[in-house]
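Please give a guided tour of this structure for a student who has it open in a viewer. Say at each stop what to select and what is there.

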Amino acid sequence: MIINKIILIKIFLIITVICLTQFFSNNSNTVEPDEILQDQKQELRARNISKNIRCMVCQNQSIDESNAPLAKDLRILIRNKIKKGNKDKEIYEFLTNRYGDFILLKPPFKLSTLALWLLPLTFFAVGVFIILFHNKKSKKI
Amino acid sequence: MVPFLGNFFLWLSLFFVIFQFFISRKNNKLKFITIAVNGLLISSFVSFFLLMYVHIVSDFSVLNVFQNSHTTKPLLYKISGVWGNHEGSMLLWILVLTIFNYFIFKLYNKKNSTFVSKALETQAFVTTGFILFTILTSNPFERIIPTPENGLGFNPILQDPALVIHPPLLYIGYVGFSAAFSISIATLSLENGEKIPWHIYMKPFVLVAWTFLSIGIALGAVWAYYELGWGGWWFWDPVENASFMPWLLGTALLHSLIIVEKRKSLQAWVLLLSILAFLLSVVGTFLVRSGILTSVHTFALDPSRGIYILAFTALLGGYSLILFGTKSKKYFDNNYFTFFSKEGSILINNILMVVVCSTVFLGTIYPLLVEAFTNNKISVGEPYYNSTVIPIIIPAILVMGIGPILSWGKEDKSKTFKKIFPSILLTSIMTLFIFLIYQSYSAVGIAGVILSFWIISNNLVILFKKNTNLSSGMIVAHLGIGLLILGITGSSIWQEEKIIRMKIDSEIKIKKNNIIFKKIDEIVGPNYVALQGNFWVYDKKKNIITKLKPENRFYPITNNFTTEASIHTNLFRDLYIVLGEGNLNDGWVVRIYYNPLVIWIWIGALVIFLGGIISITSNLKKLKSLA
């Protein structure tokens, strides 16, 4: 009896899993076959843009990697814009106007991100200066 | 009863650690220090294993077990469930702290008693902070009444062998820096610190921390690669950055310790680095545990914890940096290094590691700053790190190739060229060879391959010369870095993917492999049910290479789905298949990734680990000859 019960539960679970995979496509991830554009060049552009666009409802993923419905919508939106002949720059502009800078995984260069982009350069420059300083001093001794 | 005992031993370890703090302030009470150190070690051990016990027997009267476990969980994951959550992982953190505490105590002898006592006092202070934190904000032995029937289960994405040992290894890394921190503070606090061979005491700890942090980070990447299901293994996630930053400083520390040893130079710098490495480890914990940075790995969202850790870090940081500021004067020197010398190359290594670390730190906290000071929100993701970190790391790798073969002091430039000529030749040959195989050219790819072979061939040349007195651990670890770079370059430059909808018996070609979708099965696992695809892979001559079985799992207990990629690995490439949604009529979405050279990332990491272990043993010998 107990074994029968377990088998019943298993069958039930298998049915559930099949049903659920039917209804929710969210167990699959990233770009789906029906989204892909025919033109390979356009598709490549779409992929490159997608990699720089954050999935707004995810934690640290680009829409290219995400399985969230919103990410899928954005992927399709980007592809539609590419098909219409929009340039990459126009698509980025459209997305930032709609969602803000938060959507860009590579932050834009502006006043509030000045330090973010310039400090690494400064660190590097200071480092090079120290090395050169050492090199110069060492020759005097 | 058992949870009560566990709690009791946690409090007992608090008692012992406070006892150790006060008793080691008064030097020459060896008997009491011995009692305190051993008592602390034993009580934290017992407390940790009691928590493990309640997890194994599924005692759901303990809130921590109820929230994170379930009777259907396999034994291995019941055990790893102890550190798979915030409270339990704090107990592991404390255990590792007390183990390092014990090893600091083992340094104790008549000559260095004042010094070791001071280090033990510092270590006790740090440990007290973490035990108090655990008891006050995150006690894993908290009870729940009435006792629930079963647990809430746990995140199935964490059910992975790599993730079982990933946290313990990582903690040995983070916490290992606490010993270096305590030794640094002890050196700075003592009036005659410069007369003590503190760097010989410090080095084994730094080596242990660095070696285990390296392999811990690598296992995290392995987990991401096998479990997350899109062929990536590093995402510049804040949690990954939190482990990468101490690793970078640890790398710098490791190398500059060599200069202290051989040239008695850079002492102040090393003392500062060892303080910063540990502070960064604690800050990393703060960032992860506070929930301030949301990320896929975050398991606790509780601001009071964040505030506690922040205050504690501020206290540690404030005290240690002020101490450094006032006492470090005598550790400064006026030695300057030229480019073409071993110390010069180590200096360049140190500076570049610190620059990379600062950049990663900036990228990690910048979104918080922007959010706090403006109304704007920004994201700092992979593209930012790729465009800032990679250009800084390239010169570091170039220097890393020749650094070891340069001499101390001044090096003749023409002699240098003679020394590196064989490796330049070897690098060119190997690079040509690999491009003949893969026939794909991009600037980044070429740079990566050249850098990788540059490191590999330099170290091979050193190995063939034999008569050098270079440390074999270093050569092995450097070789590992070379292999690692090869794997990283290959997998990120030459990756190919196919995303298609496949019906049963249909066929797809990727590179020179034909893949046939044979069938789909329903299978039942210990605590999940799954759909399992069956793909047969053939080579050009129609010989079967492998059968791949990716799964779509459903965990009814926690009600979530995971995808289990199926991977065929050889020395040249990985074939990586993920099964998506679908049905018999329309077919299933299938993602196939062709990832070249991925295995060299893991081999490289293992070789680095091996190099670290070799160095640890040789440095322990040095330590013994001292006593």
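Start in chain B with strands β1, β10, β9 and β8 of this predicted model. These four strands form an open sheet, and β1-β10-β9-β8 is their order across it. Neighbouring strands pair in an antiparallel way. At the edges of the sheet are β1 (496-502) and β8 (566-569) of chain B, each of which pairs on one side only. Look along the sheet for its twist, which averages 15° from one strand to the next.

Next, select residues 573-583 of chain B, which are strand β9, together with residues 587-596 of chain B, which are strand β10. The two strands run antiparallel and are joined by nine bridges. To see one pair of residues, pick L579(B): opposite L579(B), in β10(B), stands V590(B).

Now move to the helices. Two packed helices are described by the angle between their axes and the distance between the axes.

Select helix α7 (residues 161-189) and helix α8 (residues 198-227), both of chain B. Their axes come within 7 Å and cross at roughly 155°. An angle over 145° counts as roughly antiparallel, so α7(B) is roughly antiparallel to α8(B). The crossing of these two helices, α7(B) and α8(B), is left-handed. Which classes of residue make up the contact of α7(B) with α8(B)? The contact has 24 nonpolar and six polar residues, and no charged residues.

Stay in chain B and select helix α9 (residues 238-263) with helix α12 (residues 342-373). Here the axes are 9 Å apart, and the helices pack at an angle of about 160°. That angle makes α9(B) roughly antiparallel to α12(B). The crossing of α9(B) and α12(B) is left-handed. Colour the contact of α9(B) with α12(B) by residue class: 15 residues are nonpolar, seven are polar and two are charged.

Finally, show both chains and select the residues where chain A and chain B touch. How many residues does the contact take from each chain? Chain A gives 45 residues and chain B gives 50 residues. On the side of chain A that touches chain B, α1 (2-23) and α5 (114-140) of chain A each supply at least two residues. The most comes from α5(A), with 13 residues. Colour this side of chain A by class as well: 19 residues are nonpolar, 18 are polar and eight are charged.

Note on methods: Residues numbered from 1 in each chain as written. Chains lettered and ligands numbered in written order. Predicted model: local features only at pLDDT ≥ 70, side-chain atom pairs only at ≥ 80, totals over all residues. Axes fitted to C-alpha atoms, helices over the stretch in contact; angles between N-to-C directions. Parallel < 35°, antiparallel > 145°, perpendicular 65-115°, else oblique. Left-handed = near helix turned anticlockwise from the far one by under 90°. Nonpolar A, V, L, I, M, F, W, Y, C, P; charged D, E, K, R; others polar. Contact = placed C-beta atoms within 7 Å. Pairing = 2+ DSSP bridges.
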